[in-house]
Amino acid sequence: MHSEVVASRSADQRDSPRESRNGNSPQLDAVSLAIIQQLQEDGRRPYAAIGKAVGLSEAAVRQRVQKLLDQGVMQIVAVTDPLTVGFRRQAMVGINVEGDVESIADALTGMSEVEYVVMAAGSFDILAEIVCEDDDHLLDVINRRIRALPGVRSTESFVYLKLKKQTYMWGTR
């Protein structure tokens, strides 16, 4: 009887929703967080192995993963080294905006070369990471597309000379 109560108690704690930090995010329980951690370690890990690690069946893991994908909590993708797939130039671009920052951020998210967009506080209103084929391509994106957006006041480019670390293993804190 005691082991059933302990098992039941730990299952209740494991399945209780995690508090949302900003109120907009889906609430994640301990099992979903453990599934995410398993996939961050190896995005190709079989659902059966994940299930064994987190105490669920393969089918239950498959359903949970699909729900996490559908909610936009995570993506499962192949992360490449841009240099090896023909993208020789990367840069972070700091952008100062007059007026609505969100409209500029939305426009940037629609550009295929822009991989990362952050609305920031500090010296820049927006930081955008850009991946291009070469310097001419980068110049075109910055000069003809980003600077041409209504409301862009100024830009500053930080060209990457060498990428030393690129990881997505921050866990689920």
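Two strands are taken as paired if DSSP finds at least two bridges between them, and helices (H or I, at least four residues) and strands (E, at least two) are DSSP runs numbered from the N terminus. The model shown in these views is predicted, so that local features need pLDDT of at least 70 and side-chain atom pairs count only at pLDDT 80 or more, while totals for chains, interfaces and linings use all residues. Residues are numbered from 1 along each chain as its sequence is written, and side-chain values use heavy atoms, with hydrogens and water left out.

**View 1. The open sheet and the pairing of E1 with E3.** Four strands form an open sheet in the order E2-E3-E1-E4, with antiparallel pairing. E2 and E4 stand at the edges with a single partner strand each, so one side of each is left without a neighbour in the sheet. From one strand to the next, the twist averages 20 degrees; axes here are lines fitted to C-alpha atoms, for helices over the stretch in contact, and angles run from 0 to 180 degrees between N-to-C directions. Strand E1 (residues 89–97) pairs with E3 in the antiparallel sense over seven bridges, and isoleucine 95 has isoleucine 126 in E3 as its bridge partner.

**View 2. Helices H5 and H6 against the sheet.** Helix H5 (residues 101–109) lies across E1, E2, E3 and E4 and runs at about 165 degrees to E2. Helix H6 (residues 135–146) packs on the sheet, where it touches E1, E3 and E4, and its direction makes about 140 degrees with that of E3. Contact, in this and the other views, means heavy atoms within 4.5 Å.

**View 3. The crossing of H2 and H4.** The axes of helix H2 (residues 30–41) and helix H4 (residues 58–70) come within 11 Å and cross at roughly 85 degrees. The two helices are therefore roughly perpendicular to each other, on a scale in which angles under 35 degrees count as roughly parallel, over 145 as roughly antiparallel, 65 to 115 as roughly perpendicular and the rest as oblique. H2 contributes Val31, Ser32, Ile35, Ile36 and Leu39 to the contact, and H4 contributes Arg64, Val65 and Leu68. These residues divide into six nonpolar, one polar and one charged, where Ala, Val, Leu, Ile, Met, Phe, Trp, Tyr, Cys and Pro count as nonpolar, Asp, Glu, Lys and Arg as charged, and the others, Gly among them, as polar.

**View 4. The aromatic pair of phenylalanine 124 and phenylalanine 158.** The structure holds one aromatic pair, the term applying to rings of Phe, Tyr and Trp (its six-membered ring) whose centres lie within 6.5 Å, with planes under 30 degrees apart counted as stacked, over 60 as edge-to-face and the rest as tilted. Phenylalanine 124 and phenylalanine 158 are arranged edge-to-face, at 6.1 Å centre to centre and with 85 degrees between the planes. Phenylalanine 124 lies in the loop between strand E2 (114–119) and strand E3 (126–132), and phenylalanine 158 in strand E4 (residues 152–159), so the pair ties together parts that are 34 residues apart in sequence. Phenylalanine 124 is buried, with a relative accessible area of 16%, whereas phenylalanine 158, at 35%, counts as partly exposed; buried means under 20% relative accessible area, exposed over 50%, and partly exposed in between (1.4 Å probe, protein chains only).

**View 5. The surroundings of valine 152.** Valine 152 has its place in strand E4 and is buried, with a relative accessible area of 15%. Not counting residues up to four places away in sequence, valine 152 touches Ile95, Asn96, Ile104, Ile146 and Arg147.
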